Amino acid sequence: MTSNTSAAHQEAPTSDTTAPKRKPWVEGLTSHMVEKQLEFYNTRVKHPAMQKLLDDLMPLLMPHSESNIIVVTGATGAGKSTLTRVLLKSLFEDFAQLMQDDPSVIPLISVEAYANGDTRHSFKGLYKSMLDQLVEPGTDQKAPVSLVDGKLSVQPSSKHSIDGLRRIVEAGLRERRTRVGVIDEAAHLLRFAKESVVMDTLKSLSNTSGTKWLLVGSFDLFDLLIDNGQVVRRANILNLERYRIDVARDRRTFEDIISKLQAKWPSDEVPNFVAISDALLEASLGCIGLLKSLLLDASAMQLRNKGQWNPEFLKKAAKSNRLRDVIRREIEVGEDKVRDALYGNSIWDDATFSKLVHKMETSKRG
Amino acid sequence: MAKRTLFYPQPLLGQDTGDAQSLRSYIERLALSHNMKPRGLLDTLLKEHPLEDLSADLHQLQKRWAVHGFAEVGAQLQSRLEAATGSSLAGATLMRYKGLFASVNLTRANDPVYCPCCVTESEGAELPYGRLLWEVQCVEACPVHRVKLRSAKLCGAQPEERLPANQRPSLSGVCIQCGSVGFKCLAKEPLPATGDEIWVASQVRRLLDLPIERVARCSAESLRTGLTELVKCVYGGSVVRASQQAGLSRASVYTWVAGEILAGLPGLLQICFHAKADVCALIDGVYRSLDSSPAEKSPPRRLQVVERTYNRSELNDDQIRELLEAAATEAEPPSLMQFARRHGLNVDVPRQRFVREAAVLAAANAQHMQLVYERRYVEAVHAYTAAVQALLRQGLSVHAKSIQKQSGVVAFSQNHPRVRALQEVLSKHRLETGEEKGGRLKAA
């Protein structure tokens, strides 16, 4: 057991009756404790697997790349949401100068394909989210026009239809020169319509507006791509890898990550998680998101115990064996599904590729 | 980070050229690209960027589009749109000429026109756009295609092909009634413009082509200097001669030269046409002869840029008296108004200066009109009586509407002999059949 050397901010419970009513989950905690817990919750660790994926991803998002649809998959709890946040921040910084120079440009939008149980209106919801992100003016006053046989006519009622909304979104993406559109929880798109319809829609949106679509979601996203050669030609799949117990380098990296999280531990009494990093790796299936959930739950229990650590907290916070098995099976099936389709897994195996490289380096030019 | 613009950054088409897009066309195209109607776009714009001290009636604004002249609403709308799009719209109105020309008779209102050739040339990916040039009231022709401008209210489509009111597009170069891009609904060939019309349009186009910075350097004073020089060089310094020969009122030319009021663009073009002067040089304060003027080949003449309700008559009093006496003896003597129009006179000239002759003509005209009305009455009675008999034969009800429909002769209030005839025939019919007004039979 180690102890934080930082000054302990012990606050006496206030008896002020005018103080706002506290939420039940923070009852018994000092404001300092709540603040520390929130800080721990917001801690993002940029780990090597994420960095590798970002390094692969950024060139694909450049305007000169022909990849229009990029799919980022990963196991549940692998850290996809954190990756999305980091990516958006990074892209925003890249586009900052462009946005500063031209106040009409919106180069980046990010939406979530939420499922509300109603298939028919899901695309509408997605389009409306995109219009919100595009700061589209007068959305209640839209009157899409159609040009047929050299005749222009206004179709005011079509603003409520999926086709009318799509045309409005296309115009917005084109005119605002949106380069990248991120759709989080993109596996929900599978519930909107058939796979081919979803991908044709995204392909058309990309063709008409020049926007690259980044779909972030579970392994099911692979099903969206695989039956459509047209889409596959301009698509790439990237996987956010988890850490493996049988790889020594992964074990070391995982230990580093635990060390970083431990440094942000919200209580003064800090348990030595680094010592049991292999066990934590196994418990969290090598997924950083799952590890974080485990530690968050354990820290909350410690805080409610007036900051006193009890090893039982760790046991309680870890997923039950049955649930962990469900997650493990799902991850393994998903990884098997996408393994041969991932970005960088070309037709050459390592031996063949080494020969190719040797030939390139030793042959004379011309 | 700078705030995002409200609308897409649409550039003004033809910026800094004589073919610059008008503000109306810009708003219409901006609305189209946002999948909105102009009304909705303006509504959204003014919510975000309200006009100062102006209660903008959007309905009236869109009906008249009086935004291209010197009205404050046009200037404010332009600046709000610039803020909302980030695009420069300085060339979309005539505001840069404020303080140089008078605002009267400057721009068209509620009567949009277009060049039938320009709107068909913009085919393909680009839809046609409206020029600021077409918004200038004295421009009647396209200087590029040398054809007359056409009213945008005309549609050549069959009634069943026309769009319902809520589906009609609002875009310059597109027929509002049937939606035809480039007005292809009108099959007839464009009318060739006269040389005078082309000259006027070319000069206005040259004015619009001037860089905004150069126009900003010009002032009412420089224009006055130019006009003074023009009068001096061409008319020997005589304002009277200048006004008479150019067909303008003396008061107008005098007040322009004296700097009392600003010159109107139509009047200025009229005097420039007669004097073969370059209007672009004139606003700089310099008189320069324009070699390419069509008037160069023909002797100086009048150009009717300024619309008048009457022409200047060159008749003397004796001639007018003789004409009045001759008119009174014609088979169909004209009214005093018709006589005045025929000879380019104000109606008060014969009425006040030739009282006796005018009275004789008026009496002759009244007698003639009495005969005309009587003849019309007899003809109408004959037609309505025949119609009543035909209706009775067919077993149809007889009333005012059916009689007019059967006879094909409409009795409208201005044609009182027909109204009188219809009442006469209906009364007679009711008397004969014992029917009351409204189709009920009288009690026995």
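1. The buried residues of helix H1 of chain A pack against H12 of chain A. In this predicted model, helix H1 spans residues 31–41, and its buried residues are Met33(A), Lys36(A) and Gln37(A). These residues lie on the same side of H1(A) because they cover an arc of only 100° around the axis. Ser31(A), Leu38(A) and Glu39(A), on the other side of H1(A), are exposed.

2. Chain A is divided into domain 1, made of 28–45 + 246–340, and domain 2, made of 61–141 + 153–240. Their C-alpha centres lie 32 Å apart. Contact between the two involves twelve residues of domain 1 of chain A and 13 residues of domain 2 of chain A. On the domain 1 side, the elements that give two or more residues are helix H12 (288–304) and helix H14 (321–338) of chain A. H14(A) supplies the largest share of that side, six residues. Sorted by class, the domain 1 side has six nonpolar, three polar and three charged residues.

3. Helix H4 of chain A covers residues 122–133. Its twelve residues reach 17 Å from the first C-alpha to the last, close to the 16 Å expected at 1.5 Å a residue. Which residues of H4(A) are buried? They are Ser122(A), Phe123(A), Leu126(A), Tyr127(A), Met130(A) and Gln133(A). They cover an arc of only 140° around the axis, so they sit on the same side of H4(A). The elements they pack against are strand S3 (108–112), H5 and helix H6 (189–192) of chain A. Val135(A) follows H4(A), and its phi is positive, near 50°.

4. Leu205(A) is placed in helix H7 of chain A, residues 195–209. Is Leu205(A) buried or exposed? There are 22 other C-beta atoms within 10 Å, and a residue counts as buried at 20 or more, so Leu205(A) is buried. Leaving aside neighbours within four places in sequence, Leu205(A) is in contact with Glu170(A), Leu173(A) and Thr211(A). Leu205(A) and Arg167(A) are 38 residues apart in sequence, while their C-alpha atoms are 9.1 Å apart in space.

5. Between the chains, 25 residues of chain A are in contact with 32 residues of chain B. On the chain A side, two or more residues come from each of helix H3 (80–101), strand S5 (151–154) and helix H5 (162–175). The classes on this side of chain A are 13 nonpolar, seven polar and five charged residues.

6. The largest nonpolar core has 96 residues, of which Val139(B), Cys272(B) and Leu282(B) touch the most other members. What is Leu282(B) in contact with, leaving aside its neighbours within four places in sequence? The list is Leu223(B), Gly226(B), Leu227(B), Leu230(B), Cys272(B), Ala277(B) and Tyr287(B). Apart from this core lies another, of 73 residues, which includes Ile70(A), Ala113(A), Val180(A) and Leu225(A).

7. Two residues of chain B are worth a look for their backbone angles. Asn35(B) is not a glycine, yet its phi is positive, about 55°. Asn35(B) lies in the loop between helix H1 (23–33) and helix H2 (38–48) of chain B, and it is buried, with 29 other C-beta atoms within 10 Å. Arg146(B), also not a glycine, has a positive phi of about 60°. The loop that holds Arg146(B) runs between strand S2 (141–142) and strand S3 (147–148) of chain B. With 18 other C-beta atoms within 10 Å, Arg146(B) is partly exposed.

8. For chain B, the domain assignment gives domain 1 (317–361) and domain 2 (369–433). The C-alpha centres of these two domains of chain B lie 36 Å apart.

Methods
Residues are numbered from 1 along each chain as its sequence is written. Chains are lettered from A and ligands numbered from 1 in the order in which they are written. This is a predicted model: local features need pLDDT of at least 70, side-chain atom pairs count only at pLDDT 80 or more; totals for chains, interfaces and linings use all residues. Two residues are in contact if their C-beta atoms, placed from the backbone, lie within 7 Å. Helices (H or I, at least four residues) and strands (E, at least two) are DSSP runs, numbered from the N terminus. Ala, Val, Leu, Ile, Met, Phe, Trp, Tyr, Cys and Pro count as nonpolar, Asp, Glu, Lys and Arg as charged, and the others, Gly among them, as polar. A nonpolar core is a set of buried Ala, Val, Leu, Ile, Met, Phe, Trp, Tyr and Cys residues joined through C-beta atoms within 7 Å. A residue is buried if 20 or more other C-beta atoms lie within 10 Å of its own, exposed if 12 or fewer, and partly exposed in between; C-beta atoms are placed from the backbone. Domain bounds come from an automatic or database domain assignment. The expected span of a helix is 1.5 Å times one less than its number of residues. The arc is that of the directions from the helix axis to the C-beta atoms.
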